[in-house]
Amino acid sequence: MRDVTIDAFLTSLAAREPAPGGGASAALHAAQAAALLGMVARYSTGEKYAAHAEPIARITAETDRLRAAALRSAQDDAEAFTAVTDAYKLPRSSDAEKEKRSAAIATALEGAADVPARVAALTTRLVELAEEILPMSNRNVITDIAAAAEAARAAIATARVNVEVNLAGIKDESKRDALRAAIADVDAVASRAERVTSDVRRQIAG
């Protein structure tokens, strides 16, 4: 996933193949948001921004880390969904095979839900960083903060549906509860991201 070209990824995404799919797309939206915020941070350095040197350095490092984590999640999601499809292909000609298949599906669905849940958490942090960097950033690149916020909004909304679609097949009620909790604040985070974009638009409108 890290080494393919954009065209190759999109071709694979468009193909009649189970993975990559929406979960990987959510992770890549998050990676783009992180990259954009990292770029803004790097443009917000030097004497003019000396008063904010410490938080800018911290944001630069954190967005780099989150970008790498999001990219890993894109790969993890493709692998997790492949595990789901493999579990559904297991034999079911006897009661023992059916039981084994059912357990394998439930386990695979947990893995498939875990990845977008992690993406949702990661994206929540990206929105926090977008809010933090906006007032101290280079004015010439604030539209990229809005772009990051919108990428984050797409990431977290997509991550949520990719958690939800797996919930029904997960047998462990405590696991389902934990996953529901992981996406409980998605609407609030998406609203915060929208406010970041609105703030940018007000500023560029003069």
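## The largest pocket

Helix 2 gives the largest share of the lining of the largest pocket: six residues. Helix 1 (6-14), helix 2 (22-42) and helix 3 (53-88) each supply at least two lining residues. The model described here is predicted.

How big is the largest pocket? Its volume is about 380 Å³. A total of 15 residues line the largest pocket, and the closest to its centre are Ile6, Phe9, Leu28, Gln32 and Leu71.

Where does such a value come from? Rolling a probe the size of a water molecule over the atoms shows where empty space is left.

## The overall build

The protein chain has seven helices and zero strands. Read from the N terminus on, the elements run α-α-α-α-α-α-α. Along the principal axes, the C-alpha atoms of the protein chain fill a box of roughly 70 × 35 × 30 Å.

What share of the 206 residues is buried? The answer is 42%. Now take contacts between residues at least 6 apart in sequence. Of these, 79% join residues at least 24 apart.

## Surface and charge

The protein chain exposes about 10,700 Å². Carbon and sulfur atoms supply 53% of that area.

The protein chain carries 26 positive and 29 negative charges. How far apart are their mean positions? They are 2 Å apart.

Proline 20 sits in the loop between helix 1 and helix 2. The peptide bond that leads from alanine 19 to proline 20 is cis. Its omega is near 5°.

## Alanine 70 in helix 3

Helix 3 holds alanine 70. Is alanine 70 buried or exposed? Alanine 70 is buried, because its relative accessible area is 1% and the cut-off for buried is under 20%.

What does alanine 70 touch? Leave out residues up to four places away in sequence, and its partners are Ala27, Ala30, Ala31 and Leu122. Leucine 126 is 56 residues from alanine 70 along the chain. The C-alpha atoms of the two are separated by 11 Å.

## Valine 115 in helix 4

Helix 4 covers residues 95-133, and valine 115 lies in it. Valine 115 has 5% relative accessibility, so it counts as buried.

Set aside the neighbours within four places in sequence. Valine 115 is then in contact with Ser73, Asp76, Asp77 and Ala80. How far is valine 115 from glutamate 17? The two are 98 residues apart along the chain, and their C-alpha atoms are separated by 19 Å.

## Alanine 159 in helix 5

Alanine 159 belongs to helix 5, residues 142-167. Its relative accessibility is 0%, so alanine 159 counts as buried.

Which residues does alanine 159 touch? Not counting residues up to four places away in sequence, they are Ala26, Pro116, Val119 and Ala120. Consider proline 116 among them. Alanine 159 and proline 116 are 43 residues apart in sequence. In space they are 4.7 Å apart, C-alpha to C-alpha.

## Alanine 182 in helix 6

Helix 6 spans residues 173-182, and alanine 182 is found there. Why does alanine 182 count as partly exposed? Its relative accessibility is 37%, and partly exposed means between the 20% cut-off for buried and the 50% cut-off for exposed.

Alanine 182 is in contact with Ala117 and Ala120, leaving aside its neighbours within four places in sequence. Ala120 is also one of the residues that alanine 159 touches. Alanine 80 is 102 residues from alanine 182 along the chain. Their C-alpha atoms are separated by 18 Å.

## Threonine 197 in helix 7

Threonine 197 lies in helix 7, which runs over residues 186-205. Threonine 197 counts as buried because its relative accessibility is 13%.

Which contacts does threonine 197 make beyond its neighbours within four places in sequence? Its partners are Ala146, Ala149 and Glu150.

Note on methods: Residues are numbered from 1 along each chain as its sequence is written. This is a predicted model: local features need pLDDT of at least 70, side-chain atom pairs count only at pLDDT 80 or more; totals for chains, interfaces and linings use all residues. Side-chain values use heavy atoms; hydrogens and water are left out. Helices (H or I, at least four residues) and strands (E, at least two) are DSSP runs, numbered from the N terminus. Buried means under 20% relative accessible area, exposed over 50%, partly exposed in between (1.4 Å probe, protein chains only). Contact means heavy atoms within 4.5 Å. Accessible areas come from the Shrake-Rupley method with a 1.4 Å probe; for residues, only the protein chains shown count as cover. Lys and Arg count as positive and Asp and Glu as negative; His and the chain ends are not counted. The place of a charge is taken as NZ of Lys, CZ of Arg, CG of Asp or CD of Glu. On a 1 Å grid over the protein atoms alone, a cavity is a set of points where a 1.4 Å probe fits but cannot get out, and a pocket is an open set with protein on both sides within 12 Å along at least five of seven lines; lining residues have an atom within 4 Å of a point. Grid points are joined across faces, edges and corners, and a volume is the space filled by probe spheres set on the points.
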